[in-house]
Amino acid sequence: MGRKVIGALTTYEILLMLDPEGAESHQDEVIARVSELVEKGGGTWRSHDAWGRRRLAYEISKKPEGVYHLVVFECNAETLDEISRVLKIDDAVLRHLATKHIEGSRTSAPRDDTPAPAPAPAPAAAPAPVAPAAEAEPQPEQAAVATAEEPESDEAPTEGEEE
């Protein structure tokens, strides 16, 4: 008979953060395993984008860097659950995040070629030192006072009633 379809196919993307100290061959095995699970579950593999090694905002498992991979595929929810289960038990996977892929969107690696901020201009001439004033009289502070207009009558209008 025909192939059993468990659920509707949805397009997902998973961003993987892998251990940078792990062998590159093991990283390739993780990606191959995800691809195998997708195809075994009746889904289709769309793309794999290796983002490379990136510095982390904070250490994870005492590692300051991670190797990022973005994979995009179509599968059913049960297959996605199995992929997440496999990724959770693999020690080479520091983190992973699966999200529904939005058609027409293009998730791409953050760029490193952002322009560096321009250096601050050097002062033309150093200002002459200012001698402290001897016992200057304190200046009174000027306070701005906001005034509100008072309503013409003492009663405030009630709901539904116009002024």
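A salt bridge is counted here when a side-chain nitrogen of Lys or Arg lies within 4 Å of a carboxyl oxygen of Asp or Glu. In this predicted model, Arg46 and Glu74 meet that description, with their side chains 2.7 Å apart from N to O. The two residues belong to distant parts of the chain, Arg46 to strand β2 (residues 44–60) and Glu74 to strand β3, and 28 residues separate them. Arg46 is partly exposed, its relative accessible area being 36%.

Thr11, a residue of strand β1, makes a polar contact of 3.4 Å with Arg46, side chain to side chain. A further polar contact, of 3.5 Å, connects the side chain of Thr11 to that of Glu103. Thr11 counts as buried because its relative accessibility is 10%, where the cut-off is under 20%. Beyond its neighbours within four places in sequence, Thr11 touches residues including Glu74, Val72, Phe73 and Thr99.

In total, the structure contains seven salt bridges. One of them pairs Asp19 with Lys63, the closest N and O atoms being 3.9 Å apart. Since Asp19 sits in the loop between β1 and α1 while Lys63 is in strand β3, this pair ties together parts that lie 44 residues apart in sequence. Asp19 and Lys63 are both buried, and together with Glu21 they are linked in a network of salt bridges.

Glu82 and Arg85 form a salt bridge through their side chains at 2.8 Å, N to O; both are in α2, three residues apart, or about one turn of the helix. Both are partly exposed, Glu82 with a relative accessible area of 30% and Arg85 at 44% relative accessibility.

The helix itself spans residues 77–89, and its 13 residues reach 19 Å from first to last C-alpha, close to the expected 18 Å. Which residues of α2 are buried? They are Thr79, Leu80, Ile83, Ser84, Val86 and Leu87. These residues lie on the same side of α2 because they cover an arc of only 165 degrees around the axis. They pack against β1 (10–18), α1 (24–40), β3 (63–75) and β4 (93–100). The face turned away from this buried side carries Asp81, Lys88 and Ile89, which are exposed.

Note on methods. Residues numbered from 1 in each chain as written. Predicted model: local features only at pLDDT ≥ 70, side-chain atom pairs only at ≥ 80, totals over all residues. Heavy atoms only, no water. Helix = DSSP H or I, 4+ residues; strand = E, 2+ residues; numbered from the N terminus. Expected span 1.5 Å × (residues − 1). Buried < 20%, exposed > 50% of the residue type's maximum accessible area, 1.4 Å probe, protein only. Arc of directions from axis to C-beta. Contact = heavy atoms within 4.5 Å. Polar contact = N/O pair within 3.5 Å; in protein donor to acceptor, adjacent residues only side chain to side chain.
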